[in-house]
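Please look through the sequence and the three-dimensional structure shown here before reading on. The paragraphs that follow lead through the arrangement step by step.

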Amino acid sequence: MLMTPSTAFDQAVARVRTLQVRPELDLVEAPAPRRMAPDALALTIDASDGDLDLGSGRFVVLHNPAGEPAWEGTIRLVLYVDAIVEADLAGDPLLPEVGWTWLQESLTDAGMSYWALGGTVTRVQSESYGAMAERGMEGRLQVRASWTGAEVADLPDHVTAWTSLMATACGLEPVPDGVSVLRPRG
């Protein structure tokens, strides 16, 4: 059976909806932008360790079977990661380069083809004053990136790359290959 482009997209989205992510990550489907492409998917993610918030993010997939010259293809993937980091780490001038390397490694480790990768990495170091002085110094790493994917069927792999980047940026320990992460009950 020959699949129509939207059918292939719908099947890839169905596979994304069945992805199992680490228990520290709460992955939720969100309203997708409808004016930018005929097919779209949006996801949000919150990372936490118990009651401690570690970060959040957003992932958007735009799919136009007719292609978009600016994308250099038919599928454009856009991500945002906002991770809380130690204040002294946020002060490290090499942090943006490290964050970009984490993004590239997550895409490479997911094993799919991509091109036209571009984006920014921002390090934020904040100090609170007055009534908020007890918060002390805070640090954040923010990654904004987009790239073009080769196959709509690779969509779950792109989402996996994003969740991997999120876990790394938030300082979660890597899960060794072949080890399944169990979700706690309740």
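Rings of Phe, Tyr and Trp, the last taken by its six-membered ring, are said to pair if their centres lie within 6.5 Å. In this model, which is predicted, ring pairs link Phe59, Trp147 and Trp162 into a cluster. A search of the whole structure finds two aromatic pairs. One of them joins Phe59 and Trp147, with 6.2 Å from centre to centre and 55 degrees between the planes, and is tilted. Planes under 30 degrees apart would count as stacked and those over 60 as edge-to-face, so an angle between these limits is called tilted. Phe59 belongs to strand β3 (residues 52–68) and Trp147 to strand β6 (residues 137–149), so the pair ties together parts that are 88 residues apart in sequence. Phe59 and Trp147 are both buried.

Strands β5 and β6 run antiparallel and are joined by twelve bridges. In this part of the sheet, Ser126 stands opposite Glu138 in β6.

How do the two helices meet, and at roughly what angle do the axes of α3 and α4 cross? The axes come within 8 Å and cross at roughly 145 degrees. This crossing of α3 and α4 is right-handed. On the side of α3, the residues involved are Gly99, Trp102, Leu103, Ser106, Leu107 and Ala110, which meet Asp157, Ala161, Ser164, Leu165, Thr168 and Ala169 in α4. Sorted by class, the contact of α3 with α4 has seven nonpolar, four polar and one charged residues.

Attention may now turn to single residues. Val78 is placed in strand β4. Is Val78 buried, exposed or partly exposed? Val78 has 32% relative accessibility and therefore counts as partly exposed. Leaving aside residues up to four places away in sequence, Val78 touches Arg58, Phe59, Val60, Ala145 and Ser146. The C-alpha atoms of Val78 and Met137 are separated by 30 Å, and these two residues are 59 residues apart along the chain.

The backbone also deserves a look. Most residues other than glycine have a negative phi. Glu72, although not a glycine, has a positive phi of about 65 degrees. Glu72 lies in the loop between β3 and β4 and is exposed, with a relative accessible area of 51%. Ala116 likewise has a positive phi, near 55 degrees, in a residue other than glycine. Ala116 lies in strand β5 and is partly exposed, its relative accessible area being 29%.

Technical notes: Residues are numbered from 1 along each chain as its sequence is written. This is a predicted model: local features need pLDDT of at least 70, side-chain atom pairs count only at pLDDT 80 or more; totals for chains, interfaces and linings use all residues. Side-chain values use heavy atoms; hydrogens and water are left out. Helices (H or I, at least four residues) and strands (E, at least two) are DSSP runs, numbered from the N terminus. Buried means under 20% relative accessible area, exposed over 50%, partly exposed in between (1.4 Å probe, protein chains only). Two strands pair if DSSP finds at least two bridges between them. Contact means heavy atoms within 4.5 Å. Axes are lines fitted to C-alpha atoms, for helices over the stretch in contact, and angles run from 0 to 180 degrees between N-to-C directions. A crossing is left-handed if the near helix is turned anticlockwise from the far one by less than a right angle, and right-handed if clockwise. Ala, Val, Leu, Ile, Met, Phe, Trp, Tyr, Cys and Pro count as nonpolar, Asp, Glu, Lys and Arg as charged, and the others, Gly among them, as polar.
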